[in-house]
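The report below treats each in turn.

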Amino acid sequence: MSNGRALLQIVPRPPSDCGGVGDYSEQLARGLQELYGITSTFVSATPVTSSSTADGFRILSPLRTLSDVLDSPIALLLHYVNYGYSPRGVPVWLPSVLRRAQNVCDGPLVTVFHELYAVGSWRQSAFWLRPVQMHIAQTVAGLSGNSIVRNEIQQSQLE
């Protein structure tokens, strides 16, 4: 990140992978670049085996082993979708990684909550794991300078 106006976007998978969060993060990166000259570097929680760039964006991975090799970005932008970071939707490791990442960033952590937690019947693991999912979402929100949710219902759930 060389121009001093760089944003570090943390995503479950690289933006070039199919999926709503990847598309959203890539479109956001393009818009920020075009309108404000802010470049985005992506950090993928899923290890990237191919090129370290995709569609002109630098991609670092894996998130869990990210160290202080980055220049200081203006902000960290986390795209939170709990099942994207853990098969059961309980990424218990994520808050500690975010704390370490905050040490290399002069700006705030901003979290876009694409989902908070799952809801299901007592026969599904989502029912039993919901309290842990809620706790992780609240911890991530507590670490965040700003949180973005889709609607007022999610806002009240997060609070």
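Predicted model: local features only at pLDDT ≥ 70, side-chain atom pairs only at ≥ 80, totals over all residues.

## Burial of β6

In a regular strand, side chains alternate between the two faces of the sheet. Both faces of β6 are covered: Leu109, Thr111 and Phe113 are buried on one side, and Val110 and Val112 are buried on the other. Because 5 of the 5 residues of β6 are buried, the strand is largely enclosed by the rest of the structure.

## The buried face of α3

Helix α3 spans residues 94-102, and its buried residues are Leu94, Pro95, Val97, Leu98 and Ala101. Viewed down the axis of α3, these residues fall within an arc of 160 degrees, so they line one face of the helix. An α-helix has 3.6 residues a turn, so residues three or four places apart point the same way.

The buried residues of α3 pack against several elements, including β6 (109-113), β5 (75-80) and α4 (125-143).

## Packing of α3 with α4

The axes of α3 and α4 lie 10 Å apart, at an angle of about 10 degrees. The two helices are therefore roughly parallel to each other. By class, their contact has 5 nonpolar, 2 polar and 1 charged residues. From α3, Leu94, Pro95, Leu98, Arg99 and Gln102 meet Thr139, Val140 and Leu143 of α4.

Key:
Residues numbered from 1 in each chain as written. Heavy atoms only, no water. Buried < 20%, exposed > 50% of the residue type's maximum accessible area, 1.4 Å probe, protein only. Helix = DSSP H or I, 4+ residues; strand = E, 2+ residues; numbered from the N terminus. Arc of directions from axis to C-beta. Contact = heavy atoms within 4.5 Å. Axes fitted to C-alpha atoms, helices over the stretch in contact; angles between N-to-C directions. Parallel < 35°, antiparallel > 145°, perpendicular 65-115°, else oblique. Nonpolar A, V, L, I, M, F, W, Y, C, P; charged D, E, K, R; others polar.
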